[in-house]
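Work through the exercises below with the sequence and the model at hand. Try each task before reading its solution.

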Amino acid sequence: MAPDGDEVQCGLGRTGKWFVYQHAGIQPDVVLLAKGLASGVPIGACLARGAAAAVFKPGTHGSTFGGNPLACAAALATLAAIEEEGLMKNAERIGGILLAGLREALAGRPGVAEVRGHGLMIGVELDRPCGDLVTQALEAGLLINVTMDKVVRLLPPLIMSEGEAREVLSILVPLVRSFSRRHRPPSRARMKKARAGVRHYLQFKDFSREEYEHLFARTRWIKDSSSATSATGRSKTARSQ
Ligand SMILES: Cc1ncc(COP(=O)(O)O)c(C=O)c1O
């Protein structure tokens with residue numbers, strides 16, 4: 001059986017094709033859709049083929065609001081708009097502009113781990129938590145999301161224009177650059193100082209009374225047992241094994 005495809009976020013044209021699995025050259029048996037399916041009217045769909053399609057029959061899965069006419073009409077209108085307004089092509093073209101702009105301005109900078117994406121599904125992965133960027137971007141008039149603590153995630157509307165994409169770049173790039181400048185690799189002098197502070201030994205004052213007593217007892221035991229071994233005439237090499 002082929003894997004199932006969760007296309008809830010990445011499906012419906014976002015990556016430039018109806019489904020993201022089409023880029024991967026696989027054909028899942030089950031595909032899940034929701035979110036953008038009806039442009040905001042709540043709806044979800046489970047598509048199945050082959051043996052998987054026979055698992056559910058009409059009536060198997062009842063739901064109060066499942067497949068209601070309003071939601072289905074909104075979904076049909078959305079699918080028609082994606083097709084008729086060329087939104088998949090738009091996602092591919094505008095996503096390409098965003099991705100190229102972000103890569104050119106940010107890839108390889110300290111603090112930036114990766115700029116990745118497909119169509120209008122883009123992630124800028126930083127090397128440390130960057131949740132503050134959400135507030136900073138909001139103050140600058142841009143709504144972004146940070147997922148997994150350190151990935152700036154962009155999922156803009158499929159109708160985004162080139163001008164809007166350039167505006168996104170003009171706000172986001174300086175914010176990430178300034179985040180990146182705050183990433184200061186330790187200077188040589190700081191490293192030297194840090195190394196000088198590392199002790200390779202412990203002092204009595206590093207232990208509590210109980211720990212000290214335990215160590216003292218262990219040391220005495222090692223000393224006693226080693227002198228007992230020496231008394232039996234075993235070689236030093238044999239003892240250390
Ligand atoms: C990729 C993906 N799959 C599935 C879901 C689940 O959707 P629901 O909120 O209906 O449980 C979400 C929701 O955010 C999602 O992002």
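**Exercise 1.** How many bridges join strand S2 to S3, and do the two run parallel or antiparallel?

Solution. The model is a predicted one. Locate S2 at residues 30-33; 4 bridges join this strand to S3. The two strands run antiparallel.

**Exercise 2.** Classify the packing of helices H4 and H6.

Solution. Start with the geometry: H4 covers residues 87-106 and H6 residues 162-181, the axes are 10 Å apart, and the angle is about 25 degrees. Angles under 35 degrees count as roughly parallel, and the two helices are therefore roughly parallel to each other. Their crossing is right-handed. Next, list the contact: H4 contributes Ile94, Ile97, Leu98, Gly101, Leu102, Ala105 and Leu106, while H6 contributes Glu162, Ala165, Val168, Leu169, Val173 and Val176. Sorted by class, this contact has 11 nonpolar, 1 polar and 1 charged residues.

**Exercise 3.** Which residues surround the ligand, and how does the shell divide by class?

Solution. Asp6, Val8, Gln9, Ala34 and Gly44 surround the ligand. The shell has 2 nonpolar, 2 polar and 1 charged residues.

Methods: Residues are numbered from 1 along each chain as its sequence is written. This is a predicted model: local features need pLDDT of at least 70, side-chain atom pairs count only at pLDDT 80 or more; totals for chains, interfaces and linings use all residues. Two strands pair if DSSP finds at least two bridges between them. Axes are lines fitted to C-alpha atoms, for helices over the stretch in contact, and angles run from 0 to 180 degrees between N-to-C directions. Angles under 35 degrees count as roughly parallel, over 145 as roughly antiparallel, 65 to 115 as roughly perpendicular and the rest as oblique. A crossing is left-handed if the near helix is turned anticlockwise from the far one by less than a right angle, and right-handed if clockwise. Two residues are in contact if their C-beta atoms, placed from the backbone, lie within 7 Å. Ala, Val, Leu, Ile, Met, Phe, Trp, Tyr, Cys and Pro count as nonpolar, Asp, Glu, Lys and Arg as charged, and the others, Gly among them, as polar. A residue is near a molecule or strand if its C-beta atom, placed from the backbone, lies within 6 Å of it.
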